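This briefing concerns helix packing and the surroundings of selected side chains. Please consult the sequence and the structure shown below while reading.

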Amino acid sequence: MDLLDWLDPGPDAGLGAVFLISFLSATLLPGGSEVVLVAYVLQHPGMALPAWVLASLGNTLGGMSTYLLARVLPKPAHADRTDWLQRHGAPALVLAWAPVVGDALCAAAGWLRLPWRPCLLWMALGKAARYALLVWLSH
């Protein structure tokens, strides 16, 4: 084993970055989880499944953290701009992956006190499907 083999952390080391950036990208912080995931999968094609799982998990947990933070805000008496989300409920969170509106949907769901389990399920489905498409397109 030479020095370069010892210094190379291997493909597992990048999985933590995929998770962390995916988590942070789903909060109110800006991020580019899609770029990181695709770059990682292109560099390590054999690690596509774990990268997809960790990106989906991280992004879902990030979205749920936004949901929880908004839930501590005072409950709205009436909010006209959230009528659409109230009408469609948790299934609307399948769109939580969308740029710009995704974070707002997660926050609005928490603020409106939508039930957390269905929100988690629909959010995870949408985010996992988006990342699955990216992984599939990068192969």
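Which residues does S56 touch, not counting residues up to four places away in sequence? In this predicted model, the residues concerned are K127, A128 and Y131.

**S56**

- S56 is buried, because its relative accessible area of 8% falls under the 20% limit.
- A polar atom of the S56 side chain lies 2.8 Å from the backbone oxygen of W52.

**W52**

- W52 is also found in helix α4.
- With a relative accessible area of 26%, W52 is partly exposed, whereas S56 is buried.
- Leaving aside neighbours within four places in sequence, W52 is in contact with L37, A128, Y131, A132 and V135.
- The C-alpha atoms of W52 and A129 are 9.7 Å apart in space, although the two residues are 77 residues apart in sequence.

**Packing of α3 with α4**

- Helix α3 spans residues 33-43 and helix α4 spans residues 48-71; their axes come within 10 Å and cross at roughly 165°.
- Angles over 145 degrees count as roughly antiparallel, and α3 and α4 are therefore roughly antiparallel to each other.
- The crossing of these two helices, α3 and α4, is right-handed.
- On the α3 side the contact is made by S33, L37, Y40 and V41, and on the α4 side by A48, A51, W52, A55 and N59.
- Classified by residue type, this contact of α3 with α4 comprises 7 nonpolar and 2 polar residues, with no charged residues.

**Packing of α4 with α6**

- Helix α6 covers residues 101-111, and its axis is 7 Å from that of α4, at an angle of about 40°.
- Angles between 35 and 65 degrees fall in the oblique class, and α4 and α6 are therefore oblique to each other.
- α4 passes α6 in a right-handed crossing.
- From α4, the residues G63, T66, Y67, A70 and R71 meet D103, C106, A107, A109, G110 and W111 of α6.
- By class, the contact of α4 with α6 has 6 nonpolar, 3 polar and 2 charged residues.

Note on methods
Residues numbered from 1 in each chain as written. Predicted model: local features only at pLDDT ≥ 70, side-chain atom pairs only at ≥ 80, totals over all residues. Heavy atoms only, no water. Axes fitted to C-alpha atoms, helices over the stretch in contact; angles between N-to-C directions. Helix = DSSP H or I, 4+ residues; strand = E, 2+ residues; numbered from the N terminus. Parallel < 35°, antiparallel > 145°, perpendicular 65-115°, else oblique. Left-handed = near helix turned anticlockwise from the far one by under 90°. Contact = heavy atoms within 4.5 Å. Nonpolar A, V, L, I, M, F, W, Y, C, P; charged D, E, K, R; others polar. Buried < 20%, exposed > 50% of the residue type's maximum accessible area, 1.4 Å probe, protein only. Polar contact = N/O pair within 3.5 Å; in protein donor to acceptor, adjacent residues only side chain to side chain.
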